[in-house]
Every structure is written in structure tokens, then in C-alpha cells.
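Dear colleague,

I am handing over the structure we spoke about, and my notes on it follow below. Please look through the sequence and the model first, and then read on.

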Amino acid sequence: MSDSTAKILDGKALSKHLIGELKERVLACVERGVTPCLAVVLVGEDPASKVYVRSKERKAAKAGIATKDHRMSADTSTETLLGVIAELNADPAVHGILVQLPLPEGIDEQRVLAAVDPAKDVDGFHPDNLGLLMLGRPRFVACTPQGCMRLLAESGVSPEGKRALVIGRSTIVGKPVAQLLVQANATVTVAHSRTRDLEAEVRQADIVVAAVGRPEMVPGAWIKPGAVVIDVGINRLEPEQPGAKGRLVGDVHYASAAEQAAAITPVPGGVGPMTIACLLANVVEAAERV
Ligand SMILES: Nc1nc(=O)c2c([nH]1)NC[C@@H]1CN(c3ccc(C(=O)N[C@@H](CCC(=O)O)C(=O)O)cc3)C=[N+]21
Ligand SMILES: [Mg+2]
């Protein structure tokens, strides 16, 4: 029962719409003398991180959100980084703080994330914010999980009573998105590298959220007809010609999955842009609370 009529969940279009909607809220803040401002801390030279940071700054500008860059060398110590975060915590002009992950080897990531003022933690990675999510009283919810839920809502399929499979158990995507799905009354399974029979899990799932970071690891043939597929993976394949740019693919084989699914997110243009839109929404929310 495959008819290749999957609805494409267009994260690029939806994110543009959401960012457009933020403009009014930003203006209302500005009228009160508060310009929403996101501080971005980028340590080291990870090329993917640089691309992401640039894209986020462009979109922030579109919404009227100010950004403040802190680039630091890869050999920065945990103590130095903690000092910068203390300054940003104390700066009343800064409403949101994003510490770009991954941090270079040798920096104590947990200590750094816990040092961010929870009221400025627009990534939702602080233990307080993760705890509030677990309690069902979320304050800042991590941006990629939020983006996944918005795209799922776009599918028109209610999670209530459905079998949802989350592939991946990271703190920044897998665990929080599983929690959001539970709170939306789905029956949730979390699969990971030690899962014995992933295919059997995928075949049962009405909703698949793939967040492992392995190119096209889920073949379309595994997808249950009529399922909703949310693909978080953004994997760059090796370029076919030297010097060329490799193609971006998700964790799911898109073309074959689109033949089974009722709705699917593309890569690029799916979850990625939504992550940025949700980040900016969190910054505006933080500024509105001032
Ligand atoms: N503290 C922190 N918070 C993050 O949210 C965070 C992070 N660290 N570290 C890195 C990951 C990755 N991430 C992306 C967001 C958008 C796109 C995105 O918009 N991607 C485009 C394609 C971009 C391209 O062409 O390379 C798309 O999917 O259409 C990608 C990746 C946020 N992350
Ligand atoms: Mg179909």
C-alpha cells in the first residue's frame, strides 16, 4: 500500500512563517525599550557549527533580534569559558545564551551548560529546564525537539494513542522529544545503538523520529504505510567529485520512505530550519519575561 503521495512537511516554509510572526512580538519588546538579544558562544573551528551560527544570525536579523558573537579558540579552558558565561549571565542586554555544541575535547560540557542562567537558557539544556520538562512544566524546551513537534502538528496526525518511535537517546534531541511525545499521549519507544531489532520497531511505528546521525540508516521499506516520519539527521555525504560539496541526507532514506509515509520531513528543509525558528522564539520569550 504505497502510493508516494506523502505530504512534505516543509520546515523551511513553516520556519519563515514562524519567524515572520515573531517580528510583532519583537517590536512590542522594542517599544518597551528591550531589544531581544541572543549571545552565541562558539569555541573552536568546527565548520558545521560555523555554518549553523551564520544561518541563525541571518534569521535573527530578519526577526529584529540582535545577536552577540563570542568566538573563542579551541584551546580555551573550562574556567575561561565559565568566566564568559558569568559575564553574559550578568549582562541585562542579553536575554538568551547559546553555547554551540559540541565543545572541543577537554572542556567540561556539563559544567558549562549548568553555568548558564536557566532564565537565559534558550537551548533548554540546563538541568533545571530539562527537569521542568520531565515534570510536565516546561520553561525552555530544546529547539530541535520543539521543531519536531511543530512539524508533526503540520502533518495533521494527532500523536494521541499512537505508537511513536524515537531513534536516538541524546540529551539534546532523543530524550526530550520522547518526553514531549509522552506528554502528547503517544506510546513511546526509544531505540538506540543497542536495540536488538530496529526494523521490527520501525515497522510498528505510527510516528518515527530519527535522530542518530547516520546517513539513510532507515530504509523506506521499514516505514509503516501511513506513518509520519520526522527526520532529524543532517548528514553530509562525501562529494562525488573532489572539491565539490557533498549532498545532505537524513537518517531515513527519503525517496523510498516518501512512498510509504503519510507525511515526511525533507533534508535539507525540514527539521533544521525549524530548530532555528524555535531558538528565536525562545529568545523572544526570554525577552518578554524581562
Ligand atoms: N547549543 C546548540 N544548539 C543547537 O541547536 C545546535 C548546536 N548547539 N550545535 C549544532 C546543532 C545543529 N543545529 C542545526 C540547526 C539548523 C540546521 C539547518 O538549518 N540546516 C539546514 C541545512 C544547512 C546546510 O545546508 O548545511 C536544513 O536542514 O535545511 C542545521 C543544524 C543546531 N545545533
Ligand atoms: Mg502515501
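**Glycine 168 and its surroundings**

Glycine 168 counts as buried because it has 23 C-beta neighbours inside 10 Å, where 20 or more are needed for that label. Please keep in mind throughout that this is a predicted model. Glycine 168 sits in the loop that runs between strand E5 (163–167) and helix H7 (174–183), and, leaving aside residues up to four places away in sequence, it touches Val173, Gly174, His192, Ala211 and Val212.

**Serine 170 in that loop**

The loop between E5 and H7 also holds serine 170. Serine 170 has 16 C-beta neighbours inside 10 Å and therefore counts as partly exposed. Its contacts, again without residues up to four places away in sequence, are Lys175 and Ala211. According to the unreviewed UniProt entry, the annotation "binding site" covers Gly168, Arg169, Ser170 and Ile234.

**The shell around ligand 1**

Turning to the ligand, 19 residues surround ligand 1, and the closest are Tyr52, Leu101, Pro268, Gly272 and Thr275. Two or more residues of this shell come from each of helix H2 (47–63), strand E4 (96–99) and helix H10 (271–288). Sorted by class, the shell around ligand 1 consists of 12 nonpolar, 6 polar and 1 charged residues. Domain 1 (33–119) and domain 2 (142–272) each give at least three residues to the shell around ligand 1.

Methods: Residues are numbered from 1 along each chain as its sequence is written. Chains are lettered from A and ligands numbered from 1 in the order in which they are written. This is a predicted model: local features need pLDDT of at least 70, side-chain atom pairs count only at pLDDT 80 or more; totals for chains, interfaces and linings use all residues. A residue is near a molecule or strand if its C-beta atom, placed from the backbone, lies within 6 Å of it. Helices (H or I, at least four residues) and strands (E, at least two) are DSSP runs, numbered from the N terminus. Ala, Val, Leu, Ile, Met, Phe, Trp, Tyr, Cys and Pro count as nonpolar, Asp, Glu, Lys and Arg as charged, and the others, Gly among them, as polar. Domain bounds come from an automatic or database domain assignment. UniProt positions are given in the numbering used here, feature names are shortened, and annotations may be inferred rather than shown by experiment. A residue is buried if 20 or more other C-beta atoms lie within 10 Å of its own, exposed if 12 or fewer, and partly exposed in between; C-beta atoms are placed from the backbone. Two residues are in contact if their C-beta atoms, placed from the backbone, lie within 7 Å.
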